[in-house]
Amino acid sequence: AHPLHYDTALFNRMKSLDRRYYYIGEEEHIGFPLGYFLLTVATHSYFSCRTGVDANPKELTVFDNTRFEAVMRKLGKPLGDYVKESEYEYSREFEYVKVRVNLENTTGVLTVKDDRGEEL
């Protein structure tokens, strides 16, 4: 998946790889691709968000998904399949995360829940 709604010029001016990972990892950029993936995720499914595939450190390419907090967050078991909330909105709940995606405006929100299942 490719991050969405990000300023390519601003991203390309960033000279720090850490800053690039932080920027792309913000929910407004990674929320939709990750949320969309989580709507239908199943056993042996893998998510990849990247701005390129070149591992040369000089290229400052974002592709190591273990550096995204949202990707590494504990999901827990799915509590059911996705639910169609409206014409363009879908949601799915896991033990520790609630996913809500809007296909019309390509946004996604991942709401973290505590160990009791309460939204934080």
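**Entry 1: arginine 67**

I started with arginine 67, which sits in the loop between helix 3 and helix 4. For the record, helices here are DSSP runs of H or I with at least four residues, strands are runs of E with at least two, and both are numbered from the N terminus. Before going on, I noted that this is a predicted model, where local features need pLDDT of at least 70, side-chain atom pairs count only at pLDDT 80 or more, and totals for chains, interfaces and linings use all residues. Residues are numbered from 1 along each chain as its sequence is written, and side-chain values use heavy atoms, with hydrogens and water left out.

The scale I use calls a residue buried under 20% relative accessible area, exposed over 50%, and partly exposed in between, with a 1.4 Å probe and protein chains only.

Next I looked up its contacts (heavy atoms within 4.5 Å). Leaving aside neighbours within four places in sequence, arginine 67 is in contact with Leu17, Asp18 and Tyr21. The side chains of arginine 67 and aspartate 18 are joined by a polar contact of 2.2 Å. A polar contact is a pair of N or O atoms within 3.5 Å; within protein, one must be able to donate a hydrogen and the other to accept it, and residues adjacent in sequence count only if both atoms are side-chain atoms. I also checked valine 83: it is 16 residues from arginine 67 in sequence and 29 Å away in space, C-alpha to C-alpha.

**Entry 2: threonine 61**

Threonine 61 lies in the loop between helix 3 and helix 4. I put it down as buried because its relative accessible area is 11%. What does threonine 61 touch, leaving aside neighbours within four places in sequence? I found Leu17, Tyr21, Thr51, Gly52, Val53 and Asp54. A polar atom of the threonine 61 side chain lies 3.5 Å from the backbone oxygen of aspartate 54.

**Entry 3: helix 3**

Then I turned to helix 3, residues 27-40. Its 14 residues reach 19 Å from first C-alpha to last, close to the 20 Å expected at 1.5 Å a residue; the expected span is 1.5 Å times one less than the number of residues. How many residues of helix 3 are buried? I get 10 of its 14, so I wrote "mostly covered". Among them are His29, Ile30, Phe32 and Leu34. The cover over these buried residues includes helix 2 (17-24), helix 4 (69-72) and strands 2 (89-93), 3 (97-102) and 4 (107-112).

**Entry 4: the core**

I looked for a nonpolar core, meaning buried Ala, Val, Leu, Ile, Met, Phe, Trp, Tyr and Cys residues joined through side-chain atoms within 4.5 Å. The largest one has 24 residues, and Phe11, Ile24, Ile30, Leu34, Leu38, Phe68 and Val99 have the most contacts inside it. Helix 2, helix 3 and strand 3 each supply at least two of its residues. Helix 3 gives the largest share, six residues.

Phenylalanine 11 is in helix 1 (residues 8-13), and I call it buried because its relative accessible area is 3%. Phenylalanine 11 is 13 residues from isoleucine 24 in sequence and 8.6 Å away in space, C-alpha to C-alpha. Not counting residues up to four places away in sequence, phenylalanine 11 touches Tyr6, Arg20, Tyr23, Ile24, Thr51 and Val62. On the same terms, the list for isoleucine 24 includes Phe11, His29, Ile30 and Phe68.

**Entry 5: lysine 113**

Lysine 113 is in the segment after strand 4. I marked it buried because its relative accessible area is 6%. Which side chain joins that of lysine 113 in a polar contact of 2.8 Å? It is glutamate 93.

Histidine 5, in the segment before helix 1, has a positive phi of about 55 degrees although it is not a glycine. Histidine 5 is partly exposed because its relative accessible area is 45%. Histidine 44 is in the loop between helix 3 and helix 4, and its phi is positive too, near 70 degrees. Histidine 44 counts as exposed because its relative accessibility is 68%.
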